[in-house]
Amino acid sequence: MNAFSTYHPLILVAYFVLVCSVTILSMHPIVIAAALIGAISYFIMLKGVRVTLKELVYYSFLALLIFLSYGAFVHNGYTPLFFLNDQPITLQALLKGTAIALTV
């Protein structure tokens with residue numbers, strides 16, 4: 001049994017909406033890292049390490065896809081790292097893609 005099972009469902013919905021909203025709207029690396037660590041820790045408590053590792057493999061591929069597609073299609077930024085088909089791949093776009101991938 002987990003600690004969340006003793007609370008009213010409306011409180012749980014409000015808590016998860018608040019945590020997700022703060023994480024998504026802030027886009028701050030420390031907030032994203034704290035939310036990710038907390039989510040992974042809670043998932044380990046619920047499902048165990050083996051299931052968590054299987055799920056992390058899937059989500060790492062999804063994060064990699066988001067990271068690469070954002071960096072390839074968004075060219076905003078001041079620091080070009082390299083050019084791909086005459087389109088700049090910028091450092092700022094890759095950092096923002098990393099933040100979005102970890103948020104998802």
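**Close-up 1. Leucine 95 in helix α4 of a predicted model.** Leucine 95 lies in helix α4 (helices are DSSP runs of H or I, at least four residues; strands are runs of E, at least two; both are numbered from the N terminus). Leucine 95 counts as exposed because its relative accessibility is 53% (exposed is over 50% relative accessible area, buried under 20%, partly exposed in between; 1.4 Å probe, protein chains only). This is a predicted model: local features need pLDDT of at least 70, side-chain atom pairs count only at pLDDT 80 or more, and totals for chains, interfaces and linings use all residues. Residues are numbered from 1 along each chain as its sequence is written, and side-chain values use heavy atoms, without hydrogens and water.

**Close-up 2. The nonpolar surface patch.** β1 (80-84) and α4 (91-103) each supply at least two residues. β1 gives the most, with 3.

Close-up 3. β1 pairs with β2 (residues 87-90) in the antiparallel sense over 4 bridges (pairing needs at least two DSSP bridges). Proline 80 stands opposite threonine 90. The hairpin has 2 residues between its strands, and asparagine 85 in the turn has a positive phi of about 55 degrees.

**Close-up 4. Valine 31 in helix α2.** Valine 31 sits in α2 (residues 29-47). Its relative accessible area is 28%, so valine 31 is partly exposed. Beyond four places in sequence, valine 31 touches Val22, Thr23 and Ser26 (heavy atoms within 4.5 Å).
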